[in-house]
Amino acid sequence: MFNDDLHLMVESSDGSFTAYSNEYKEHYHSTKDGALYESLIKHVIPAFKLKEGLKEIVILDICFGLGFNTLCAIWHHRQNKLTSKLRIYSPELDSSLVKSLVNFTYPQEFEQLKNIVKELSQNGVYEDENIYIELFLGDAREYIKRFNAQTFDVVFQDAFSPATNPMLWTKEYFMDIKNIIKDDGILSTYSIALPIRVALFESGFKVFLNSGEGFRDATVASPSHIDIFDAVDVEHKMKCNPQVTSLRDCAL
């Protein structure tokens with residue numbers, strides 16, 4: 001069974017299931033937006049709007065968790081009959097969670113991806129002619145230091161919230177991400193908190209608003225300007241809120 005002392009499967013508003021972490025005291029996805037819908041609308045769709053024309057799309061999925069962002073990316077890729085190769089790299093600290101994913105109740109959309117879930121839960125790697133996925137069981141901060149500059153086209157920033165997992169939201173963390181994302185790369189995150197947007201801005205990212213009907217606002221960021229999203233004037237917000245600062249490693 002998937003449910004254990006650390007994880008409890010919970011139905012979200014779109015009918016898909018997410019999980020509640022007893023360790024972090026948070027759900028893996030928004031139960032209001034829906035687990036499947038949140039992954040699609042806050043991460044996958046914004047990324048593929050900008051990157052679907054590439055011959056190869058290289059994605060960093062922080063953190064793997066239940067695998068929704070990775071699986072949504074593959075599902076969206078197949079649904080739209082895209083020809084690009086997908087290379088996805090994802091750290092996950094909870095090895096027991098990964099092993100239990102074969103027992104998780106995924107949405108119908110992922111029915112044809114069960115073999116991928118099985119391979120990843122058992123071996124940490126999946127590969128076919130169009131897709132390569134690598135899971136790293138360990139510290140995400142250490143993992144991202146393995147990559148060369150300008151490796152990634154897309155970063156799904158989907159760690160537990162800054163309140164419970166601050167190490168994956170600091171200025172220093174985003175500076176490391178900035179070093180490995182391409183100049184025209186895109187970072188997506190559910191967080192709209194000003195300290196997080198300040199950390200992104202201070203790390204060299206331009207910040208944009210991802211908004212629309214049927215979901216709560218989210219954030220997109222990039223080293224370059226993005227025409228299809230409204231820019232957030234972080235510098236102005238910092239002047240209006242001088243008490244707000246980015247999270248720093250030294251303060252944790």
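Which element supplies the largest share of the lining of the second largest pocket, and how many residues does that element give?

Tutor: This is a predicted model, and what follows describes that model. The largest share of the lining of the second largest pocket comes from helix 1, which gives four residues. Helix 1 spans residues 35–51. Strand 10, residues 206–210, is another element that supplies at least two residues of this lining.

The pocket itself has a volume of about 150 Å³. Its lining includes Ile 41, Ile 45, Pro 46 and Lys 49. Leu 209 and Asn 210 also belong to the lining, along with Ser 211, Gly 212 and Phe 215. Ile 228, Phe 229 and Asp 230 are lining residues as well. By class, seven of the lining residues are nonpolar, three are polar and two are charged.

The largest pocket has a volume of about 740 Å³. It is lined by 38 residues, and those closest to its centre are Asp 158, Ala 159, Phe 160, Ser 161 and Tyr 190. Its lining is made up of 15 nonpolar, eleven polar and twelve charged residues.

Strand 2, residues 17–21, is joined to strand 3 by two bridges. In that pairing, Ser 21 is opposite Glu 26. Between strand 1 and strand 2 there are five bridges, again in the antiparallel sense. Glu 11 has Phe 17 in strand 2 as its bridge partner. The hairpin of strand 1 and strand 2 has five residues between the strands, and in this hairpin Gly 15 takes a positive phi near 90 degrees.

The whole structure holds 17 aromatic pairs. In one of them, the ring centres of Tyr 89 and Phe 152 are 6.0 Å apart and the planes stand at 80 degrees, so the pair is edge-to-face. Tyr 89 is in strand 5 (residues 85–92) and Phe 152 is in strand 8 (residues 152–157), so the pair ties together parts 63 residues apart in sequence. Tyr 89 and Phe 152 are both buried. They are also members of one aromatic cluster, together with Tyr 132, Phe 136, Tyr 143 and Phe 147. Trp 169 and Phe 174 form an edge-to-face pair too, with 6.4 Å from centre to centre and 70 degrees between the planes. Trp 169 and Phe 174 are both buried.

The cysteines can be noted briefly. The structure holds zero disulfides. Cys 240 is partly exposed, at a relative accessible area of 49%, while Cys 250 counts as exposed at 73% relative accessibility.

Conventions:
Residues are numbered from 1 along each chain as its sequence is written. This is a predicted model: local features need pLDDT of at least 70, side-chain atom pairs count only at pLDDT 80 or more; totals for chains, interfaces and linings use all residues. Side-chain values use heavy atoms; hydrogens and water are left out. Rings of Phe, Tyr and Trp (its six-membered ring) pair if their centres lie within 6.5 Å; planes under 30 degrees apart count as stacked, over 60 as edge-to-face and the rest as tilted. Buried means under 20% relative accessible area, exposed over 50%, partly exposed in between (1.4 Å probe, protein chains only). Two strands pair if DSSP finds at least two bridges between them. On a 1 Å grid over the protein atoms alone, a cavity is a set of points where a 1.4 Å probe fits but cannot get out, and a pocket is an open set with protein on both sides within 12 Å along at least five of seven lines; lining residues have an atom within 4 Å of a point. Grid points are joined across faces, edges and corners, and a volume is the space filled by probe spheres set on the points. Ala, Val, Leu, Ile, Met, Phe, Trp, Tyr, Cys and Pro count as nonpolar, Asp, Glu, Lys and Arg as charged, and the others, Gly among them, as polar. A disulfide is a pair of cysteine sulfur atoms within 2.5 Å.
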